[in-house]
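Here's a quick briefing to read alongside the model. Have the viewer open as you go through it.

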Amino acid sequence: MKLSIEEKKILYAFGCGSHENTVRRLKWVTALTVDEKVKRRVLCLARKLDDGGAGEWYPCFYRHLRLEMESYFEAKKHIRMVEKSTDWEEFYGKAV
């Protein structure tokens with residue numbers, strides 16, 4: 001299953017190791033969400049996960065997703081730290 005980064009973030013925030021509970025929770029989030037774009041994304045993700053054979057491979061998929069997203073957020077944190085600590089003007093000269 002291919003997921004966009006937005007779908008991965010949603011699953012990281014609202015998912016759990018249980019396939020059934022995750023699908024149920026995503027449907028509840030869909031019902032409670034006000035923004036139409038976000039509602040559509042969450043509902044599409046819930047439908048993707050609600051396909052027939054997803055329950056068998058979901059726990060392994062979810063563990064892999066958690067590891068991947070933790071690495072993603074850690075890398076993002078390091079990039080922000082480097083951007084804040086580097087004085088780019090000394091490398092490229094003053095901005096015009």
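This is a predicted model: local features need pLDDT of at least 70, side-chain atom pairs count only at pLDDT 80 or more; totals for chains, interfaces and linings use all residues.

**Overall picture**
- Going along the sequence, you get the pattern α-α-α-α-α.
- Of the 96 residues in the protein, 25% are buried.
- The accessible surface is about 7200 Å², and carbon and sulfur atoms hold 58% of that.
- Take the contacts with a separation of 6 or more: 67% of them link residues 24 or more positions apart.

**Confidence**
- The average pLDDT is 88, with 89% of the residues scoring at least 70.
- Helix α2 (residues 19-32) has the highest confidence, at a mean of 95.
- Helix α5 (residues 88-92) has the lowest, at a mean of 65.

**α1 against α4**
- Two packed helices are described by the angle between their axes and the distance between the axes.
- On the α1 side, the contact uses Ile 5, Lys 8, Lys 9, Leu 11 and Tyr 12.
- Their partners in α4 include Tyr 58, Phe 61, Tyr 62, Leu 65, Met 69, Tyr 72 and Phe 73, along with charged residues such as Arg 66, Glu 68, Glu 70 and Lys 76.
- By class, the residues of this contact split into 10 nonpolar, no polar and 6 charged.

**α1 against α3**
- Glu 6, Glu 7, Ile 10 and Leu 11 of α1 meet Arg 41, Val 42, Leu 45, Lys 48 and Leu 49 of α3.
- The tally for this contact is 5 nonpolar, no polar and 4 charged.
- Leu 11 is listed in the contact with α4 and in the contact with α3.

**A closer look at Ala 31**
- Which helix holds Ala 31? The residue is found in helix α2.
- Is Ala 31 buried or exposed? Its relative accessibility is 56%, and the cut-off for exposed is over 50%, so Ala 31 counts as exposed.
- Between Ala 31 and Val 42 there are 9.7 Å in space, C-alpha to C-alpha, and the two are 11 residues apart in sequence.
- Val 42 is also one of the α3 residues that meet α1.

Methods
Residues are numbered from 1 along each chain as its sequence is written. Side-chain values use heavy atoms; hydrogens and water are left out. Helices (H or I, at least four residues) and strands (E, at least two) are DSSP runs, numbered from the N terminus. Buried means under 20% relative accessible area, exposed over 50%, partly exposed in between (1.4 Å probe, protein chains only). Contact means heavy atoms within 4.5 Å. Accessible areas come from the Shrake-Rupley method with a 1.4 Å probe; for residues, only the protein chains shown count as cover. pLDDT is the predictor's confidence in each residue, from 0 to 100.
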